[in-house]
Amino acid sequence: METAQRPVATPLDAPAIRRQFPILADPDLVYLDSAASSQKPLAVLEAMERYYREDYANVHRGVYRLAERSTEAYDEARRAVARFFNVPSTTQVIFTRNTTEAIKLVAHSWGSTNLRSGDIIVLSEMEHHSNLVPWQLAATRTGARLEFIGLTPDGQLSLDDLDEHLATGRVRLVSLCHVSNMLGTINPVEEITRRAHDRGALVMLDGAQAAPHLPVDLSTLDVDFYAASAHKMCGPMGVGMLYGRLELLEAMPPFLGGGDMIRTVGWRESTWADLPSKFEAGTPSVADAVGFGAACEFLSSLSMSAVREHEIELTRYLYHQLIELPEVEVYGPVPECRSGAVSFNMGDVHPHDVASILDESGVCVRAGHHCTQPLHDKLGLAASVRASVYVYNTVDDVDRLIEALHRVRSVFA
């Protein structure tokens with residue numbers, strides 16, 4: 001068994017980064033639940049407060065200067081998100097409430113007009129409920145059916161399964177997670193996209209767990225749809241994004257009806273605004289969008305390549321420390337093939353008991369099925385414990401976790 005080596009340094013100065021997060025000023029707090037939601041730096045908090053204090057007004061409606069400043073703040077947030085993901089045009093960035101709503105938008109708008117009885121939607125066995133339930137509803141509504149890419153023993157996707165599904169000639173869409181929120185697996189999305197496109201299928205990626213941790217360049221990734229959430233990227237809850245290929249978004253009907261998404265309204269029919277407004281009905285959450293833009297700028301200032309290298313080092317240390325503990329079983333691939341989320345179980349100790357005792361030591365982890373109930377069923381698990389690292393975590397945080405897990409063992413010995 002490989003021995004866990006304590007990293008000497010990583011590309012990020014995590015202690016200095018940690019000082020930019022007010023909630024982490026508590027030295028007793030070890031936050032290892034960023035896969036659920038990340039903490040927020042001052043840059044994001046101050047941008048949102050500044051908007052409310054200095055620029056607040058409804059957007060796209062007023063001709064007075066305050067309303068114009070508010071609209072500009074909203075538009076600049078969209079430009080910041082587009083820059084972060086390297087999207088060619090801001091018209092391809094749709095603000096949504098979260099990843100779930102972005103996927104639901106595609107499932108409803110694209111799915112209702114393009115899926116027919118007998119068509120196949122290919123998902124994977126590691127999907128978050130957000131990329132499973134919307135397609136279940138779409139399949140029920142249209143008569144399409146769901147098929148799944150299975151897993152290899154080390155928690156990676158079986159591309160042979162993908163090829164078998166594509167060989168039917170009935171696959172209209174492949175929708176899967178870029179990174180698994182439970183196994184941490186980083187999927188080979190470039191190869192999957194190439195194979196799907198060669199067979200005439202579209203590709204959608206759930207990027208909720210990838211966007212905070214990996215460089216994502218949508219100008220070269222060649223996917224048709226991509227979704228992400230701000231709150232996992234140091235931004236606020238309540239806002240996310242959908243990227244779509246321009247010709248697809250232009251052809252899709254609106255998802256929600258109401259103000260701001262219309263061009264003209266009559267008694268019995270209406271016409272729609274240009275992108276992205278067509279998919280953004282009603283008053284938007286402008287402050288949250290501003291926070292999203294600030295979060296993108298914050299992460300860009302760190303360099304996403306450095307973020308990835310930092311997490312590789314920290315995850316490698318966490319992974320090997322865990323597998324050296326008696327009775328601990330870790331799920332998913334080796335550290336080099338995964339993100340900073342590591343799920344595990346500790347013998348017969350229930351994950352909720354593990355998490356409760358860790359909390360007594362100030363260590364925050366997730367316990368449950370992590371919105372991947374079918375995956376847990378496949379693995380024969382009722383639940384698991386998940387520790388996840390991010391830019392503000394250090395080797396000392398991992399050591400605190402391991403120390404607290406020794407206490408769990410002593411309690412249940």
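For my notes, a helix here is a DSSP run of H or I with at least four residues, numbered from the N terminus. I'm working from a predicted model.

**Entry 1, D55.** I started with D55, which lies in helix α2. Is D55 buried or exposed? Its relative accessibility comes out at 17%, and buried means under 20%, so D55 counts as buried. Next I checked what its side chain is doing: it makes a polar contact with the side chain of R69, at 2.8 Å. Then I skipped its neighbours within four places in sequence and listed what else D55 touches: R50, L66, R69 and S70.

I stayed on α2, residues 42-55, where E49 is found. I get 39% relative accessibility for E49, so I put it down as partly exposed. I also looked up E49 against A295: they sit 246 residues apart along the chain, and their C-alpha atoms are separated by 14 Å.

I moved on to a helix pair, α12 (residues 351-360) and α14 (residues 395-411). How do their axes cross? They come within 9 Å and cross at roughly 120°. I therefore logged α12 and α14 as oblique to each other. The handedness of the crossing is right-handed, with α12 passing α14.

Which residues meet there? From α12 I noted V354, I357, L358 and E360. On the α14 side they meet L401, A404, L405, R407, V408 and V411. I sorted the residues of this contact by type and got 8 nonpolar, no polar and 2 charged.

Conventions:
Residues are numbered from 1 along each chain as its sequence is written. This is a predicted model: local features need pLDDT of at least 70, side-chain atom pairs count only at pLDDT 80 or more; totals for chains, interfaces and linings use all residues. Side-chain values use heavy atoms; hydrogens and water are left out. Axes are lines fitted to C-alpha atoms, for helices over the stretch in contact, and angles run from 0 to 180 degrees between N-to-C directions. Helices (H or I, at least four residues) and strands (E, at least two) are DSSP runs, numbered from the N terminus. Angles under 35 degrees count as roughly parallel, over 145 as roughly antiparallel, 65 to 115 as roughly perpendicular and the rest as oblique. A crossing is left-handed if the near helix is turned anticlockwise from the far one by less than a right angle, and right-handed if clockwise. Contact means heavy atoms within 4.5 Å. Ala, Val, Leu, Ile, Met, Phe, Trp, Tyr, Cys and Pro count as nonpolar, Asp, Glu, Lys and Arg as charged, and the others, Gly among them, as polar. Buried means under 20% relative accessible area, exposed over 50%, partly exposed in between (1.4 Å probe, protein chains only). A polar contact is a pair of N or O atoms within 3.5 Å; within protein, one must be able to donate a hydrogen and the other to accept it, and residues adjacent in sequence count only if both atoms are side-chain atoms.
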